[in-house]
Amino acid sequence: MNEKDIAIDIDTQELFKKAKDEEVETTWDRQKLMKKPCGFGEKGVCCKICAMGPCRISPVAGRGAQKGICGATADVIVARNFARMVAGGAAAHSDHGRDIAHTLYMASKDGNYKVRDEEKLLRIAKEWDVETEDRDIYDIAHEVAEISLNEFGKPFGKLKFLDRAPEERNKTWEENDIKPRAIDREIATIMHSTHMGCTADAESLINMSMRTSLSDGWGGSMIGTELSDILFGTPIPRETEANLGVLEEGKVNIVLHGHEPTLSEMIVLASEDPELKKLAEEVGADGINLAGMCCTANEVTMRHGIKIAGNFHQQELAVLTGAVEAVIVDVQCIMPSLASLSDCYHTKFITTSPKARITGADHMEFDEEKAYESAKTIVREAIENFKNRENEKIFIPKGKSHATVGYSLESIGDQLTRVSNSYIESNSKFKPLGDCILSGVLRGAVGVVGCNNSKVKHDYGHVELMKELIANDVIVVTTGCAAQAAAKAGLMSKDAKELAGLGLKTVCELVDIPPVIHMGSCVDISRILTLVKEVSEYTGVDMDKLPVTGSAPEWMSEKAIAIGTYVVSSGINTWLGVTPPVTGGPEVVDILTNKMEDMVGAKFFIEEDPIKAAKQMIDKIEEKRNELGI
Ligand code: XCC
Ligand code: SF4
């Protein structure tokens, strides 16, 4: 493997080469050792749900086992496996949301966690009929937190945030019986229904998957986003830089990796503590340099402009620079390999959550009750590690790009109202955006989200797709590791408007935005849902009628499958750049890429080539425009 084959950016290539020179193992080496993936697993036809198995279905019709020992068909096995992926993804996002709700419940006037966005709190309180008159802001916060926590296990009713979706969308969900009840309930139900001897009908299983996924998108994830904004502030546009070149040789470098802002916000505060700044000086450093990785990077860059070290496939490379004192992680997307890798360098690999303990890591549990002190202890550990650097092992690549980030729904609305006052009459801040789409200045919008995957050249899928879309006057909104790919490739700098078609370029100039908009972390795809809903409301048509699509060119996690399913269920056609493990079930493939359209007005498309995918999306966008008569 040559460094040019694995990634498009120089930083990644250079550090991959360093790994080779130093004979240190990375994800690409392990992928090579893995050779071809297991054929049964790849097609989704391996079942190990009970101990009579594992059963696997022969790919050749009429030859070998065509059913599991219990009689389950290939389609049933594939659909059950798919449903369990959705459940896994929804569980991860939603448990993140639950933690944020707990943090809001703990918030107090003199505590470590405070209410930073009162206006947003009051808005959500009103939305949920919480009394706000003459009440202490923290009483309101605690009630909102408690209602949120009840969304996970309430015995009756449907999820509250579903009311945000257009009326027609709600009708579609009702007709298909996919309106989620409580979040945990949907996840438990799907685990039950996929247990040995329960649901054995592909269509019902995909139906349940849709309901469970919606409990993530319009439930757990939305709670995660909204309550994080209340606690830590709703993002506003700010400047940052991205790629491993943001690490600084003279400073104590701390990489924040994982997902939940409960931890990272405290680390940001702790890194500004005078006592710790002094300690950094004492150990001979020029200060403390925080840099983010994966979704934690998105959270802290959106709210503080903290620089982005990289995305999923760069986590090992950060350690490989030899200049990182600590990688501090909480939950999700953390490669266990960081434990043995950090042994080859002076880097401390610090786990903080009981939900994600990793053999070989230094576990320093983050205590939310004493959050600030706990964060200080962890940061102190990093600073004290500065003296253990091995200078001959240090190499920080120079590449980094400038990016403007921080586009929450609210800040997009504010930015748009700068362009024209016409929104006042229409009562929608999103009128200028809606008008641009209706008039055709913008052909449409695409959400590009998701991970890195060693099956795809690092960032190639994201960047090529985005470039092609913006060149064709399609505005891109992005989150997760896709957003970081865009930031590193310079697509989030305002100068990137030069890569856009004339219509999009004009919009970028007028509204003063880049052509690719950073909307946050993966739970923040809920921001994208609400943005589409706003445009849907302004234009007076349901979400499935709009010229918008979704895509995950390099997805890998179960969370991404949950996301894809709720985006499709919300009426937005979604392209996957990596084929999910479903091809062994022809009926399942037919439901996902065909029949879902009859149910919810959208379906999945699978296309590995990002340029071809872009063309297909643009065609679909034009088709929607024609249908709308615009
Ligand atoms: Fe993880 Fe959220 Fe995927 Fe990135 S995009 S690899 S899930 S960090 Ni969510
Ligand atoms: Fe085999 Fe059926 Fe058991 Fe799955 S549930 S392992 S198909 S016997």
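Hi everyone, this is a short walk through one protein chain and the two ligands I picked out.

A word on ground rules: this is a predicted model, where local features need pLDDT of at least 70, side-chain atom pairs count only at pLDDT 80 or more, and totals for chains, interfaces and linings use all residues. Residues are numbered from 1 along each chain as its sequence is written, chains are lettered from A and ligands numbered from 1 in the order in which they are written, and side-chain values use heavy atoms, with hydrogens and water left out.

Let's begin with the whole chain. It has 26 helices and 16 strands, taken as DSSP runs numbered from the N terminus (helices are H or I, at least four residues; strands are E, at least two). Its radius of gyration is 24 Å, close to the 25 Å of the globule rule for 630 residues, so the chain is as compact as a globular protein of that length. That radius is taken over C-alpha atoms, and the rule is 2.2 Å times the number of residues to the power 0.38. Along the principal axes, the C-alpha trace spans about 65 × 65 × 50 Å.

Now to ligand 1. Where does it lie? Domain 2 (244-393) and domain 3 (405-628) both give residues to its shell, so ligand 1 lies between them; the domain bounds come from an automatic or database assignment. Residues around it include His 259, Phe 312, Cys 333, Cys 522 and Lys 559, where being near means a heavy atom within 4 Å.

Which residue holds the nickel atom of ligand 1? The only protein donor is Cys 522, through SG at 1.9 Å. Donors here are N, O and S atoms within 2.8 Å of the metal (3.2 Å for Na, K and Ca), and since water is not among the atoms, sites may look incomplete. You'll find Cys 522 in the loop between β13 (516-518) and α23 (525-539). Cys 333, also in that shell, has phi near 65°, a positive value in a residue other than glycine, and it lies in the loop between β7 (326-329) and α15 (337-343).

On to ligand 2. Around it are, among others, Cys 47, Gly 53, Cys 55, Arg 80 and Met 196. Pro 54 is in the loop between β1 (46-47) and β2 (55-56).
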